[in-house]
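Welcome, and thank you for opening the viewer. Let us walk through this protein together, one selection at a time.

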Amino acid sequence: MCGVFGVYNSKTPAEDAFYGLYSLQHRGQEAAGVVVAGYDEKKKKTVYRQHKGMGLVSEVYKDPEIFKKMPGYAAIGHNRYSTTGASKSASNIQPFSLTYRSGNLAIAHNGNLTNSRALRKELTERGVIFQASSDTEIIPHLAALSKEKEPLHQIYHALRQVQGAFSLVILANDQLIAARDPYGVRPLALGKKTNPETKEATYYVASETCAFDILSVDYLRDIEPGEILLIDKFSAKNHKPSSLFLPPSKRKARCIFEYVYFARPDSLVFNHSVDKVRRNLGKSLARESMVEHPNDDQHQIVVSVPDSSNTAALGFVRESNKISRPARFEHGLIRNHYVGRTFIQPGKESREIKVRSKYNIIRGVLQDRQIVVIDDSIVRGTTAKMLIKLIREAGPKEIHLHISSPPITNPCFYGMDFPTKGQLLTYMFADAKDNDEEIENIRKYIGVDSLKYLSLQGMLNSAPRFEHETHSYCTACFTGDYPIRMTDATTDKEEYDSGE
Ligand code: AMP
């Protein structure tokens, strides 16, 4: 997964990109990069300057001198999140920038292309030299090979050829282009700030609106699925940015996992509050648990796994109390915020120690109580198993684990950083005779008194509806129903060097 950011007509584009990426840090902690477009007085033309590095945004840009070396009026930035081996190489850090016959181009991508192998092979045979192993690099090469003259049309031409998930920010000479695939898999928002004196407009593009809030930018709208939006010097003078549209897809496929886990709750994603949707997920979970234990009226202590399931836990408690099943929210687990997301640790052993260093228990809250633990998802199961072991050390009466999404059964090929099918917890129990047996086996493995997952319908009912759409979301990781054709029929992330 990744976070992308773009700004146009700013006096401090590098700093803006820094703050934007800083807010989007949760979308990728492996590497960060910024490319700035600035006017070079000596050369009398726009030049691109960049600074990229491995690590957190605050580490990559810790030296203030970096910003002085990147003056300009526009910038794009990227946060990278990946566990694939090749991604560790510095050559894969985005944005990618290149010089070609029409000038300069720089690109940052959130998502995964699903026909990148075929395209890469074709391009390599035509003599194209790739510098990185990421799928993203295909797009500027396709644009450079296009017969079109204008960068916008070259990009359009390139995007007609790629399949998969893409939310893109692109610098093309002195223009900023933002584009989203026709399925709308990954989010991309548009923001604007007007200078009160000059009345000039500064435009911003970001994966999530929390990147606008830090810069006091107003959210205007989403980049629409299939939209390619051009922001240039005329937009800065308050002419509305113009758009081209890719041919529409038969359905939409917004990633529902953005709401379940990935996005920050203070963001708007797909034009809706993540906080609200996540609360709904918790509420639906409470209603479904109620149906399953209609006579259970014991007081429950609800503990969330901080921070990603705090919001769902609040919804759960609220709804539980409404449907007369007394519940109280408590902080029973404390998170050490200086430890990164558990997911990025390679190898199982180190992930286990990471879980222990990330969470600790408050014994007094948990001891002798009936505890309901709310978590947003179970992927490999390492976090849940370790956490339950920890909570048991406090001596609770019972532990009930409630998950605010259905079981994850399939990998993601559209940019969510899930492991291969074989590494998913559900795979371990895939030979169960039915769903109930599978859940029972998982329950025993994790070591809880009961285990409840939110149903697929419960999850879909918790998410916003979009008018005139029969399918609005991608639920492939829960259902195996992949909405976007995969020309490179790879179902294994290890084989698929996605670059995202
Ligand atoms: P595990 O089951 O140990 O693999 O990890 C599950 C935990 O990681 C859940 O509690 C989520 O909060 C979090 N998580 C879920 N999906 C992802 C993801 N794609 N990347 C990083 N963390 C995730």
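Start by selecting strand E9, residues 189-194, together with E11: four bridges join the two strands, which run antiparallel. Keep in mind throughout that this is a predicted model. To see one of the pairings up close, pick Leu190, whose bridge partner in E11 is Arg221.

How many bridges join E9 to E10? There are six, and here too the strands run antiparallel. Click on Lys192 and look across to E10, where Tyr203 stands opposite. Follow the chain from E9 into E10 and you trace a hairpin, with six residues between the two strands. Stop in the turn at Lys199, which has a positive phi of about 65°.

In which order do its seven strands lie? Reading across, you pass E3, E2, E4, E1, E10, E9 and E11, in an open sheet with antiparallel pairing. At the edges you will find strand E3 (45-54) and strand E11 (218-222), each of which pairs on one side only. Turn the view to look along the sheet: the twist averages 15° from one strand to the next.

Then show helix H1, residues 13-23. Which strands does H1 lie across? They are strand E1 (2-8), E2, strand E4 (74-80) and strand E10 (201-206), and the helix runs at about 150° to E1.

**A pair of helices**

The crossing of H5 past H6 is right-handed. Show the side chains where they meet: Ile139, Leu142 and Ala143 come from H5, while H6 brings Gln154, Ile155, His157, Ala158, Leu159 and Gln161.

**Zooming out to the domains**

Bring everything back and colour by domain. The domain assignment gives domain 1 as residues 3-253 and domain 2 as residues 271-469. Their centres, taken over C-alpha atoms, are separated by 35 Å. Where the domains touch, 14 residues of domain 1 are in contact with 11 residues of domain 2.

**A second sheet**

For the next stop, select the five strands E18, E17, E21, E22 and E23, listed here in their order across an open sheet. Is the pairing in this sheet parallel or antiparallel? It is parallel. Its edge strands are strand E18 (327-330) and strand E23 (450-453), each pairing on one side only. From one strand to the next, the twist averages 25°.

Focus on strand E22, residues 398-403, and E23: four bridges join them, and they run parallel. Click on His400 to find its bridge partner in E23, Ser450.

Finish with helix H11, residues 310-322. This helix lies across strand E17 (300-304), E18, strand E21 (370-375) and E22, and runs at about 160° to E18.

Note on methods. Residues are numbered from 1 along each chain as its sequence is written. This is a predicted model: local features need pLDDT of at least 70, side-chain atom pairs count only at pLDDT 80 or more; totals for chains, interfaces and linings use all residues. Side-chain values use heavy atoms; hydrogens and water are left out. Two strands pair if DSSP finds at least two bridges between them. Axes are lines fitted to C-alpha atoms, for helices over the stretch in contact, and angles run from 0 to 180 degrees between N-to-C directions. Contact means heavy atoms within 4.5 Å. A crossing is left-handed if the near helix is turned anticlockwise from the far one by less than a right angle, and right-handed if clockwise. Domain bounds come from an automatic or database domain assignment.
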